[in-house]
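Colleague: I would like to learn how to read a few features in a structure. Could we take them one at a time?

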Amino acid sequence: MLCLPLASLLIVRGTWDDVCVFYWLTKMTLGMTLKIVFRPRARGVKNVPRRGPVILASNHLSFSDHFFGPLPVPRKVIFLAKSEYFTGRGLKGLISKVFFTGVGQIPIDRGGGAASEQAIRTGLRVLAEGHVLGIYPEGTRSPDGRLYRGKTGVARLAIESGAPVVPCAMIDTFQFLPPGTLRPNLRFRPGVKFGEPLDFSRYRGREDDGPLLRTITDEIMQAIAMLSGQEYVDIDARRAKAELASTSGQDSASGQDTARRDHEGGRSIGSA
C-alpha cells in the first residue's frame, strides 16, 4: 500500500525511467508475494532472449495472465493495453492506472482504422528501443478456454521490426481465475511455457502482403496451441464472445417464456 502514493507521483510527474523503477519495484514486491502464495510454474524461460527486441505472443485465458506471464521473465515486458484501463476517474481509476503502468502496460485505442495503425506504430517503437513487447494475438480473453484465431498485427510487427517471436502459453489460468470471478481457485496452479523463438526476418519488406501475414499469424498460433494443449478454433474470439452472449440471452429469454406459459397454464415448475 505504501507503493501507491509513490506510484501515482511517478506516473503524474516522473519520467519513463521513473516508471521503469516502479515496474521493478512492483515485480519484486508483488511478484514475490505471488510466488509464495500461488507457487506458479514456468518452463522454457531460457527461450526468451536476454537482450534485443523480442515479441512475446501469448494466449489469453484470464486477468491473472497479466501477473503470471511476465513474472519469470528477467526482463521488463511491455504490453499494449486498452486505454480504458488508464482513463477511469476517482480512486478506482487511479488504482487501475497505477497497476497497469506498474506492470509495464501502455495505453492504446483498440478501435479500428487509424487506432489500429497507431497501436502498430507504438509496438514498433517499443521494439526499436530494444524492449520485450508482450501481445495477445487473439485480441481479447478466451470466452471458454479454447484458443481462437490470431489477428495479423503480430505478424506485421515481426516483419517490420525483425524481432523474433517467442510463443507463450498460459497454463491453467482459466481455471485458476475464470473470467468474471475475483476469487482464485487454489486447486489449480497457474503456469506459463515459453517456446523456441520464431524468426520471420526473412520476410522484411513484405508487411503489406495480406496472405503472408495470415500464414505467419497461423504459424504463431499453432506454436502457442502446441505449448498450451488448447483446442484451436478458427474464428475471431470477439465474435465467439458475442455468439455465446447471444445464446445465453436467448436461453434466458426462452426460460422466462416457458415459466410464463407454465404459470398461465396453472402449472408450477418443479412440482410433481
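Colleague: Where do Arg 121 and Glu 117 lie?

Modeller: An α-helix has 3.6 residues a turn, so residues three or four places apart point the same way. Here Arg 121 and Glu 117 are both in helix α5 (residues 114-128), 4 residues apart, about one turn of the helix. Helices are DSSP runs of H or I with at least four residues, strands are runs of E with at least two, and both are numbered from the N terminus. This is a predicted model, in which local features need pLDDT of at least 70 and side-chain atom pairs count only at pLDDT 80 or more, while totals for chains, interfaces and linings use all residues. Residues are numbered from 1 along each chain as its sequence is written, and side-chain values use heavy atoms, with hydrogens and water left out.

Colleague: What do the side chains of Arg 121 and Glu 117 meet in?

Modeller: They meet in a salt bridge, at 3.7 Å from N to O. The term means a side-chain nitrogen of Lys or Arg within 4 Å of a carboxyl oxygen of Asp or Glu. Arg 121 counts as partly exposed because its relative accessibility is 35%, and Glu 117 is partly exposed too, at 31%. On this scale buried is under 20% relative accessible area, exposed is over 50%, and partly exposed is in between (1.4 Å probe, protein chains only).

Colleague: Which residues are linked with Glu 117 and Arg 121 in a network of salt bridges?

Modeller: Arg 156 and Glu 160 belong to that network. The side chains of Glu 160 and Arg 156 meet at 2.7 Å, N to O. These two are 4 residues apart in helix α6, so about one helical turn separates them. Arg 156 is buried, with a relative accessible area of 18%.

Colleague: How many salt bridges are found in the whole structure?

Modeller: The search finds 12. One of the pairs is Asp 236 with Lys 151, whose closest N and O atoms are 2.7 Å apart. That pair links distant parts of the chain, 85 residues apart: Asp 236 is in the loop between β9 and α9 (237-264), and Lys 151 is in the loop between β6 and α6. Lys 151 is partly exposed, at 34% relative accessibility.

Colleague: How do I read the two faces of a strand?

Modeller: In a regular strand the side chains alternate between the two faces of the sheet. In β2, Val 54, Leu 56 and Ser 58 are on one side, Ile 55 and Ala 57 are on the other, and all are buried.

Colleague: Which strands are joined to β2?

Modeller: Strand β5 (residues 132-135) pairs with β2 in the parallel sense over 4 bridges. Pairing requires that DSSP finds at least two bridges between two strands. Leu 56 stands opposite Gly 134 in β5. β7 also runs parallel to β2, joined by 4 bridges, and Ile 55 stands opposite Val 165 there.
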